[in-house]
Number of protein chains: 2
Amino acid sequence: MDATLNARIRHSALEGKVVSAETAASWIQDGMVVGMSGFTRAGDAKTVPLALVERAKNEKFQIDVYTGASLGPEVDQLMADAGIIRKRAPYQGDPAIRKLINTGQVLYSDMHLSHNAELIRQGIIGPIDFAIIEATAITEDGMIIPTTSIGNSPIIVQMAKEIIIELNPEQPNLEGIHDIYLPGPQGDRDPIPLLTASDRIGTTGIPVDISKIKGIVHSTIKDAPSLIVQPDEETEQIAQHLLTFLRDEITAGRLPKNLLPLQSGVGSVANAVLNGFLNSEFEELEIYSEVLQDAVFNLLDANKVKIASGTSITLSEECGNKVYGDIGQYKDRLVLRPQEISNHPEVIRRIGIIAINTALETDIYGNVNSTHVNGTHMMNGLGGSGDFTRNARLGIFVTKSYAKGGDISSIVPMVAHHDHTEHDVDVIATEQGIADLRGMAPKERVKAIIENCVHPDFKEALWDYYNGAVEKTGNAHTPHDLEKALSWHVSYQKNKTMKQ
Amino acid sequence: MDATLNARIRHSALEGKVVSAETAASWIQDGMVVGMSGFTRAGDAKTVPLALVERAKNEKFQIDVYTGASLGPEVDQLMADAGIIRKRAPYQGDPAIRKLINTGQVLYSDMHLSHNAELIRQGIIGPIDFAIIEATAITEDGMIIPTTSIGNSPIIVQMAKEIIIELNPEQPNLEGIHDIYLPGPQGDRDPIPLLTASDRIGTTGIPVDISKIKGIVHSTIKDAPSLIVQPDEETEQIAQHLLTFLRDEITAGRLPKNLLPLQSGVGSVANAVLNGFLNSEFEELEIYSEVLQDAVFNLLDANKVKIASGTSITLSEECGNKVYGDIGQYKDRLVLRPQEISNHPEVIRRIGIIAINTALETDIYGNVNSTHVNGTHMMNGLGGSGDFTRNARLGIFVTKSYAKGGDISSIVPMVAHHDHTEHDVDVIATEQGIADLRGMAPKERVKAIIENCVHPDFKEALWDYYNGAVEKTGNAHTPHDLEKALSWHVSYQKNKTMKQ
């Protein structure tokens, strides 16, 4: 065992446990359920999955893969291409596996990210045959120190029959930043003792039954950097509309000057919106989110944010170099938690989150589609958007008002897939403006959304749809013309445009 | 002041506050926001609303009415007929007001029942000009003792500018059964210290700033009895399927022998399902629900249930006579809470509720419509179904597989309104059988639902729809044919049948 690894395997019972990736991969059998670390390309198991891909060149087998969220291309893409994934949950964001999901070759279960741990705990997901967990170290007292994400690793480690550790000295050493807390079984569970975004309530590592660790693999592959797109004029406009709205809430006495803890969904639009705080007057902000992207660290650097809590850190290459080159300066302003806690309804409702997530499309009543292109093709997945939106103080969705160069209106008569219902969505913001839907009846929402958020090219057509529906239904509670409700999507399918 | 009232107005500062209903009603001005007690026809303000209806014969005015949930016919029906309701929230269940909602004459905001209190606290609903609260007594130390429901009364009392009490000696005296706990503001809030269905965490009355009580009206009108329909053969079959499912969960080690706390939605089907436990082997059951209907008291009488917690008691006339004729025997087995607590995600997730709610229709992917007839016409409202389902250990929806004598299939290609998405629904049960959807990908759910839950008359047509959609989308993640997805509803609109 080389010295680097030796210093990181601090538990005496683990001597002699280091094996090659090929050996570890050989333990995974056809039909097994495998739980892996990894959340939005961060802290994912990499070396053993790659060895599985190698093995698949000579052998046919399939496994079910449960993770925190999406993995880097090493896993989701290469494993998908190798045909070894039978079922995947709870989130993915990779074009290769997406294609297999949308051609019926991979089963995909798209779940609220706070719910997975409960399902694993209950035995609905599982039994988990193997856990494969990337780690920075294993401590003297039997704890796994994760790398750049925590995700579902604690519950996977707790419930898995056997565990493979990918010990990765090339990954940033975040020891001390993690805060591991797992609730007990339902019916015999204490309140989660977290009162603010900065509270530490658990241990700095994942407690593990050392005897379950079957092997330790030396890994040297770094996280794949995030593919975030930089802010543009329109995302900047969305951010400005939101800042104006938040200022008005402060003026109305409904929010304190430093707001309430912010959550921002994964992806470029949400990241751009968060970046909008950089050149604002806001200070002493708190982040209680899921993925910490570039914008969070820009805000930490600018002293706009005083504490950032999440379950993973996913950065562009440039931002990663900056952050991990000097991680010490962030250590007392960062907390990583299990996704069960970062996304927990109990905590989100208690501390009063301002949740900002990206919509694929919304409709005139405020329903939101986060996942399905044209109602049928899975994009990435729901992620934590439902956990946060439903329980947030303010559940905000952002989207550009149009897509595909103007052929698609992001606001339609009826969304073709529903991830968040009219009951859950407080605010919708596009580059056109913002609609505050709180407390509104459906017909009030129609006016707020069409007048404030819709692109001018589609305004009249949406009013025409609505007025026709009012007439057809005798002005029912939620006027819809069921023969035309999905016609904009059908039009796009047939003519590649929603324009009439 | 007569002696009966005197004994119930125990706070010295309230002497001389008794006024006629007409006087109290005269304080309510056009355009005011009024918060009233009342939840599913129980404990609602009655006498002052009736005086408002009288006044409306000679004067034109409109008010916004916020309550716990639905009111008895004295309020929702007569006020609606009198044309004095501009906006109504968060729930109703009355044919007269429903008609006005569905013809554009009353605005209705249909909300998760656990969310209202937050919106009132934040000032999104309100400011509330007047609270009208039915009470059994006002105590020496300044607490309002509610009658048969609590609902949103505590937060309405806290936030209202002025308060009118309807002191009603004719209503059952439940003093000691209520448990009033209100969370603090978000961001400065402790965990809710409730660990089991039987825990008492608050006060037995609603704390009130006595100086806000502008008048006390003597009321003698009893609650309108519930209109519950007795179990029939098919609801009995649904109950039996559920009992079998729960037994299997116990066998699999996923539930303890006395299950976990049960929640049952309002209405006849859910009540019938709960009644199904009467002739079962289950014992020591707990109820942690919203409305306590007849079935709960039948189960208490049979010693099947050891504790029942809710926010209102809504009984048939016969059951009411039994229960209120001997309320003493139930006192230590009953707790009434604010709906913010009975329906709180934090509590529901912690104690691991088995939630049983009624669907109007579901689709082949497990989405549920709880509210809209044919996607456009409001029936009653969402109620607490979303609060419970999303956060439950087991989120179960029950419905007969057909309606309107067989012309409607309760399971359709795509629900015409989405209240609960595929991500939230664990189990669907009809008289045909039960589909356990936990952990399933969409295509797995299709098979489980069509094969187990659909009426034989519609099975083939649903498979035809699905197979066509698979072909049309190249077997996408969620196959739908958007040109046909709502065609069953259109067919019913045109031909009064979904049958081809």
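How much area do chain A and chain B bury between them? The answer is about 6,800 Å², and 52% of it lies on carbon and sulfur atoms. This is a predicted model.

## The contact between the chains

The size of an interface is often given as the accessible area lost when the parts come together. Chain A brings 79 residues to the contact, and chain B brings 78 residues.

Three residues stand out on chain A. Arg349(A), Arg390(A) and Leu482(A) supply 13% of the area that chain A buries against chain B. That is more than any other three residues supply.

## Charged and polar links

Eight salt bridges are counted between chain A and chain B. Arg350(A) forms a salt bridge with Glu346(B). Their closest N and O atoms are 3.1 Å apart.

Polar contacts also span the interface. There are 47 residue pairs in polar contact between chain A and chain B, with both residues at pLDDT 80 or more.

## The side of chain A that touches chain B

Several elements of chain A each supply at least two residues to this side. Among them are the strands E5 (107–108) and E21 (377–378). The helices include H6 (116–122), H13 (345–351) and H14 (385–391). Helix H15 (442–453) and helix H17 (487–495) also belong to the group.

Which element gives the most to this side of chain A? H13(A) does, with five residues.

How do the residues of this side divide by type? There are 24 nonpolar, 34 polar and 21 charged residues on the side of chain A that touches chain B.

## Aromatic pairs

The whole structure holds 10 aromatic pairs over all chains. A pair of aromatic rings is described by the distance of the centres and the angle of the planes.

In chain A, Phe297(A) and Tyr330(A) form an edge-to-face pair. Their centres are 5.4 Å apart, with 80 degrees between the planes. The pair links distant parts of the chain, 33 residues apart. Phe297(A) sits in helix H10 (residues 294–301). Tyr330(A) sits in the loop between helix H11 (317–325) and strand E16 (334–336). Are these two residues buried or exposed? Both Phe297(A) and Tyr330(A) are buried.

Chain B has an edge-to-face pair too, formed by Phe297(B) and Tyr330(B). The values are 5.4 Å centre to centre and 80 degrees between the planes. Helix H10 of chain B holds Phe297(B), while Tyr330(B) lies in the loop between helix H11 and strand E16 of chain B. Both Phe297(B) and Tyr330(B) are buried.

Note on methods: Residues numbered from 1 in each chain as written. Chains lettered and ligands numbered in written order. Predicted model: local features only at pLDDT ≥ 70, side-chain atom pairs only at ≥ 80, totals over all residues. Heavy atoms only, no water. Contact = heavy atoms within 4.5 Å. Buried area = accessible area lost by both parts, 1.4 Å probe. Salt bridge = Lys/Arg side-chain N within 4 Å of Asp/Glu carboxyl O. Polar contact = N/O pair within 3.5 Å; in protein donor to acceptor, adjacent residues only side chain to side chain. Helix = DSSP H or I, 4+ residues; strand = E, 2+ residues; numbered from the N terminus. Nonpolar A, V, L, I, M, F, W, Y, C, P; charged D, E, K, R; others polar. Phe/Tyr/Trp six-rings, centres within 6.5 Å; stacked < 30°, edge-to-face > 60°. Buried < 20%, exposed > 50% of the residue type's maximum accessible area, 1.4 Å probe, protein only.
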